[in-house]
Amino acid sequence: MSAKVIDGKAFAARVRAQVAGHVAGLKERGIVPGLAVVLVGEDPASQVYVRNKGKMTVEVGMHGIERRLPADATEPELLSVIAALNADPAVHGILVQLPLPAHLDADLVINAIDPAKDVDGFHISNVGLLGTGQKAMVPCTPLGSLMLLRDLLGDLSGLEAVVVGRSNIVGKPMAQLLLAQNCTVTLAHSRTRSLPDVCRRADILVAAVGRPRMIRGDWVKPGATVIDVGINRVEAEGRTRLVGDVDFDSVASVAGAITPVPGGVGPMTIACLLANTLTACCRIHG
Ligand code: GUN
């Protein structure tokens, strides 16, 4: 292996420590940032994420609020929970854990969140602000990925960036962020023709397709920086393992730097959620 392994866990711990320092300063003014997480149903992966978010929220000194609704909750029930959180001055950030049960319209629900409290950056007005280069709440996973890239590479101007995956949560906002850093951006996806050739152009390759170990060493330009956003559960030798969208061993022998799974982008997502909550709180309190 020749690639540097990017330690997202350590970087995220530093971000959380910075957030905790600011939170302590706000507390001296009698202000406690509050983050509300709304979970509908009992999806096991979502329950784990929500538990981790709650734990880290309290660790940085914020107020954590959890609202759990049953899997058969109606849209009006969910919208009334969101309306109450929008109106609550102790709540500065609101996150509705996705995916929602199929009978609920996720777009409608997300757009019911006050955009100033939309710490996921999924509300249509934050999407529009990001796309037009204005001050937006930025989705946490792309923001965390960009922090790792800037820390490693500094100025990204003129670099070829290929993002594989076009989700609203990661792929599209990641492409916007890299464009704003003056990268030449290709937004590729599972239907892109000659995907390995497209990937081989990249100085920065971001994998966010949700397919275990899809990107292999011979898809990667020597020395490229590879950010693996994938978190896939696979069964191996009777155990469940987490693997990314990148085939770590073969890519690490070609790339210049690579994020591991777990311990790469994942911890950055929660750290950025807390940073966004702090930002929302500071904007509200001036
Ligand atoms: N489910 C998977 N990733 C995310 C995320 O970043 N935010 C929310 N709200 N739900 C998710």
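**View 1. The outward face of helix H5 carries the exposed residues Ile124 and Gly128, turned away from the helix's buried side.** A residue counts as exposed if 12 or fewer other C-beta atoms, placed from the backbone, lie within 10 Å of its own, as buried if 20 or more do, and as partly exposed in between. Helices (H or I, at least four residues) and strands (E, at least two) are DSSP runs numbered from the N terminus. The model is predicted: local features need pLDDT of at least 70, side-chain atom pairs count only at pLDDT 80 or more, and totals for chains, interfaces and linings use all residues. Residues are numbered from 1 along each chain as its sequence is written.

**View 2. Asn126, Val127 and Leu130 are the buried residues of H5 (residues 124-131).** They lie on the same side of H5 because they cover an arc of only 105 degrees around the axis, taken from the directions from the helix axis to the C-beta atoms. Helix H7 (171-180) is what the buried residues of H5 pack against; contact requires C-beta atoms, placed from the backbone, within 7 Å.

**View 3. Strands E5 (residues 160-164) and E6 (residues 184-188) pair in the parallel sense.** Five bridges join the two strands; pairing requires at least two bridges found by DSSP. Val164 is positioned opposite Ala188 of E6. Together, E5, H7 and E6 form a right-handed β-α-β unit: with the strands pointing away from the viewer, the path from the first strand over the helix to the second runs clockwise.

Terms used: Two residues are in contact if their C-beta atoms, placed from the backbone, lie within 7 Å.
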